[in-house]
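We will walk through it one stop at a time.

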Amino acid sequence: MTAPIDLHLMRHGEPELAGRLLGRTDCAVLDSGVARCLAAAEALDVERVIASDLRRATDCAASIARAHGVPLHLDPRWRELDFGAWDGLSPSEVDAAALRDFWDDPDAAAPPGGERWSPFLARVAAALWEIEAPTLVVAHAGSIRAALVAACGFSRSQSWAFGLPYGCVLSLRIWRGETPTAQIVALRP
(Lines give C-alpha, C1' and ligand atoms only; values in the text may rest on other atoms or scores of the structure.)
Protein backbone atom coordinates (compact mmCIF):
# COMPACT_ATOMS: atom_id res chain seq x y z
CA MET A 1 0.00 0.00 0.00
CA THR A 2 1.24 3.48 -0.81
CA ALA A 3 1.85 6.20 1.77
CA PRO A 4 -1.29 8.13 2.68
CA ILE A 5 -2.04 11.60 1.32
CA ASP A 6 -3.87 14.26 3.31
CA LEU A 7 -6.72 15.73 1.32
CA HIS A 8 -8.89 18.61 2.49
CA LEU A 9 -12.25 19.24 0.81
CA MET A 10 -13.62 22.73 1.40
CA ARG A 11 -17.05 23.98 0.43
CA HIS A 12 -16.76 27.42 -1.13
CA GLY A 13 -17.86 30.51 0.77
CA GLU A 14 -21.42 31.81 0.74
CA PRO A 15 -22.37 32.89 -2.80
CA GLU A 16 -24.44 35.89 -3.80
CA LEU A 17 -27.26 33.53 -4.86
CA ALA A 18 -27.32 31.35 -1.72
CA GLY A 19 -30.45 29.24 -1.32
CA ARG A 20 -30.78 28.45 -5.02
CA LEU A 21 -29.99 25.31 -6.97
CA LEU A 22 -26.55 26.38 -8.13
CA GLY A 23 -24.96 23.82 -10.41
CA ARG A 24 -23.44 25.39 -13.49
CA THR A 25 -24.79 28.83 -12.55
CA ASP A 26 -21.70 30.98 -12.06
CA CYS A 27 -21.97 33.70 -9.44
CA ALA A 28 -19.64 35.58 -7.16
CA VAL A 29 -18.97 34.66 -3.57
CA LEU A 30 -19.56 37.21 -0.82
CA ASP A 31 -16.47 38.88 0.68
CA SER A 32 -17.45 37.37 4.03
CA GLY A 33 -17.47 33.93 2.34
CA VAL A 34 -13.92 34.39 1.08
CA ALA A 35 -12.82 35.54 4.54
CA ARG A 36 -14.42 32.49 6.18
CA CYS A 37 -12.60 30.16 3.76
CA LEU A 38 -9.27 31.92 4.34
CA ALA A 39 -9.69 31.51 8.10
CA ALA A 40 -10.67 27.83 7.75
CA ALA A 41 -7.61 27.11 5.58
CA GLU A 42 -5.11 28.97 7.74
CA ALA A 43 -3.79 25.92 9.61
CA LEU A 44 -3.87 23.48 6.68
CA ASP A 45 -0.56 22.15 5.39
CA VAL A 46 -0.99 21.74 1.64
CA GLU A 47 1.28 21.74 -1.40
CA ARG A 48 -1.38 22.92 -3.82
CA VAL A 49 -4.95 24.10 -4.12
CA ILE A 50 -7.38 22.69 -6.67
CA ALA A 51 -10.74 24.31 -7.36
CA SER A 52 -13.84 23.92 -9.41
CA ASP A 53 -13.69 26.41 -12.27
CA LEU A 54 -16.84 28.21 -11.09
CA ARG A 55 -16.31 31.65 -9.57
CA ARG A 56 -17.75 30.87 -6.16
CA ALA A 57 -14.99 28.28 -5.74
CA THR A 58 -12.15 29.98 -7.66
CA ASP A 59 -12.50 33.28 -5.78
CA CYS A 60 -12.00 31.47 -2.46
CA ALA A 61 -9.29 29.13 -3.78
CA ALA A 62 -7.24 31.93 -5.34
CA SER A 63 -7.14 33.82 -2.04
CA ILE A 64 -6.11 30.68 -0.15
CA ALA A 65 -3.42 29.72 -2.70
CA ARG A 66 -1.93 33.24 -2.48
CA ALA A 67 -1.96 33.17 1.32
CA HIS A 68 -0.23 29.75 1.38
CA GLY A 69 2.16 30.53 -1.48
CA VAL A 70 1.11 27.40 -3.38
CA PRO A 71 -0.10 26.87 -6.94
CA LEU A 72 -3.78 26.92 -7.88
CA HIS A 73 -5.15 24.46 -10.43
CA LEU A 74 -8.69 24.74 -11.82
CA ASP A 75 -10.45 21.48 -12.59
CA PRO A 76 -14.02 21.52 -13.99
CA ARG A 77 -14.56 17.95 -12.80
CA TRP A 78 -15.04 19.39 -9.29
CA ARG A 79 -18.06 21.44 -10.45
CA GLU A 80 -21.40 20.98 -8.75
CA LEU A 81 -24.01 18.66 -10.26
CA ASP A 82 -25.69 20.35 -13.24
CA PHE A 83 -29.32 21.06 -12.34
CA GLY A 84 -30.31 21.62 -16.00
CA ALA A 85 -33.56 23.60 -16.36
CA TRP A 86 -33.68 24.06 -12.58
CA ASP A 87 -30.23 25.64 -12.38
CA GLY A 88 -30.35 29.02 -10.65
CA LEU A 89 -33.90 28.53 -9.35
CA SER A 90 -34.90 28.40 -5.72
CA PRO A 91 -36.34 25.02 -4.68
CA SER A 92 -39.77 26.66 -4.27
CA GLU A 93 -39.73 27.49 -8.00
CA VAL A 94 -39.42 23.80 -8.95
CA ASP A 95 -42.30 21.32 -9.03
CA ALA A 96 -42.25 19.80 -5.53
CA ALA A 97 -42.92 16.22 -6.68
CA ALA A 98 -40.21 16.37 -9.36
CA LEU A 99 -37.71 17.79 -6.87
CA ARG A 100 -38.58 15.08 -4.30
CA ASP A 101 -38.16 12.39 -6.97
CA PHE A 102 -34.77 13.85 -7.88
CA TRP A 103 -33.54 13.85 -4.27
CA ASP A 104 -34.81 10.27 -3.84
CA ASP A 105 -33.14 8.97 -7.02
CA PRO A 106 -30.98 11.48 -8.94
CA ASP A 107 -30.15 8.85 -11.58
CA ALA A 108 -33.73 7.98 -12.48
CA ALA A 109 -35.21 11.45 -11.99
CA ALA A 110 -32.50 13.91 -13.07
CA PRO A 111 -33.62 17.51 -13.64
CA PRO A 112 -34.76 18.25 -17.20
CA GLY A 113 -31.58 18.72 -19.24
CA GLY A 114 -29.51 18.12 -16.09
CA GLU A 115 -26.89 15.67 -14.97
CA ARG A 116 -27.57 12.22 -13.57
CA TRP A 117 -25.80 11.14 -10.35
CA SER A 118 -23.73 8.30 -11.87
CA PRO A 119 -21.83 10.41 -14.45
CA PHE A 120 -21.39 13.12 -11.83
CA LEU A 121 -19.92 10.62 -9.38
CA ALA A 122 -17.61 9.22 -12.09
CA ARG A 123 -16.14 12.63 -12.96
CA VAL A 124 -15.55 13.58 -9.32
CA ALA A 125 -14.00 10.17 -8.57
CA ALA A 126 -11.64 10.53 -11.54
CA ALA A 127 -10.46 13.92 -10.24
CA LEU A 128 -10.15 12.63 -6.68
CA TRP A 129 -7.92 9.65 -7.46
CA GLU A 130 -5.48 11.78 -9.49
CA ILE A 131 -4.44 13.74 -6.39
CA GLU A 132 -0.87 12.85 -5.44
CA ALA A 133 0.20 15.37 -2.79
CA PRO A 134 -1.28 17.10 0.27
CA THR A 135 -4.01 19.18 -1.35
CA LEU A 136 -6.93 21.46 -0.60
CA VAL A 137 -9.84 21.14 -3.02
CA VAL A 138 -12.31 24.04 -2.98
CA ALA A 139 -15.54 22.72 -4.43
CA HIS A 140 -19.28 22.40 -3.83
CA ALA A 141 -21.49 20.44 -1.44
CA GLY A 142 -22.52 17.97 -4.15
CA SER A 143 -19.00 17.27 -5.39
CA ILE A 144 -17.75 16.84 -1.82
CA ARG A 145 -20.55 14.35 -1.17
CA ALA A 146 -19.66 12.52 -4.39
CA ALA A 147 -16.02 12.37 -3.24
CA LEU A 148 -17.16 10.76 0.02
CA VAL A 149 -19.11 8.14 -1.89
CA ALA A 150 -16.08 7.41 -4.10
CA ALA A 151 -13.45 7.51 -1.37
CA CYS A 152 -15.18 6.11 1.70
CA GLY A 153 -17.75 3.80 0.18
CA PHE A 154 -20.72 5.75 1.53
CA SER A 155 -24.04 5.28 -0.19
CA ARG A 156 -25.47 8.38 -1.81
CA SER A 157 -28.02 8.71 0.99
CA GLN A 158 -25.32 8.30 3.68
CA SER A 159 -23.38 11.18 2.12
CA TRP A 160 -26.36 13.40 2.99
CA ALA A 161 -26.29 12.38 6.68
CA PHE A 162 -24.41 15.50 7.79
CA GLY A 163 -24.33 19.18 6.92
CA LEU A 164 -21.67 20.86 4.82
CA PRO A 165 -22.00 24.58 5.58
CA TYR A 166 -20.27 27.18 3.45
CA GLY A 167 -16.55 27.35 4.24
CA CYS A 168 -16.42 24.00 6.06
CA VAL A 169 -13.42 21.68 5.65
CA LEU A 170 -13.66 17.89 5.47
CA SER A 171 -10.23 16.30 5.91
CA LEU A 172 -9.49 12.83 4.54
CA ARG A 173 -6.47 10.58 4.53
CA ILE A 174 -6.38 8.68 1.25
CA TRP A 175 -4.37 5.71 0.10
CA ARG A 176 -3.97 5.34 -3.64
CA GLY A 177 -3.20 1.95 -5.03
CA GLU A 178 -4.84 -1.06 -6.57
CA THR A 179 -7.83 -0.60 -4.28
CA PRO A 180 -7.92 3.08 -3.23
CA THR A 181 -9.32 3.79 0.24
CA ALA A 182 -9.85 6.75 2.52
CA GLN A 183 -10.78 7.63 6.05
CA ILE A 184 -12.34 10.80 7.42
CA VAL A 185 -9.94 12.62 9.71
CA ALA A 186 -12.01 15.71 10.62
CA LEU A 187 -14.99 17.87 9.68
CA ARG A 188 -14.65 21.50 10.67
CA PRO A 189 -17.72 23.68 10.10
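Begin with the strands: six of them form an open sheet of mixed pairing, in the order β3-β2-β4-β1-β5-β6. Strands here are DSSP E runs of at least two residues and helices are H or I runs of at least four, numbered from the N terminus; two strands pair if DSSP finds at least two bridges between them. Before we go on, note that this is a predicted model, where local features need pLDDT of at least 70, side-chain atom pairs count only at pLDDT 80 or more, and totals for chains, interfaces and linings use all residues. Residues are numbered from 1 along each chain as its sequence is written, and side-chain values use heavy atoms, leaving out hydrogens and water.

**Stop 1**

Select β3 and β6 (181–188), the edge strands, each of which pairs on one side only. Neighbouring strands of this sheet are turned against each other by 25 degrees on average, direction ignored. Next, show β5 with β6: the two pair in the antiparallel sense over seven bridges. Zoom in on Ser 171, which stands opposite Ala 186 in β6.

**Stop 2: a helix on the sheet**

Now select residues 31–41, helix α1. This helix lies across β1 (5–11), β4 (135–139) and β5, and runs at about 160 degrees to β1. Contact means heavy atoms within 4.5 Å; axes are lines fitted to C-alpha atoms, for helices over the stretch in contact, with angles from 0 to 180 degrees between N-to-C directions.

**Stop 3: the aromatic rings**

Rings of Phe, Tyr and Trp (its six-membered ring) pair if their centres lie within 6.5 Å; planes under 30 degrees apart are stacked, over 60 edge-to-face, and the rest tilted. By this rule there are six aromatic pairs. Select Phe 83 and Phe 102, an edge-to-face pair at 5.9 Å centre to centre with 75 degrees between the planes. Phe 83 lies in the loop between β3 (72–74) and α3 (96–104) and Phe 102 in helix α3, so the pair ties together parts 19 residues apart in sequence.

Move on to Trp 103 and Trp 160, an edge-to-face pair at 5.4 Å centre to centre, with 70 degrees between the planes. Trp 103 is partly exposed at 38%, as is Trp 160 at 41%.

Methods:
Buried means under 20% relative accessible area, exposed over 50%, partly exposed in between (1.4 Å probe, protein chains only).
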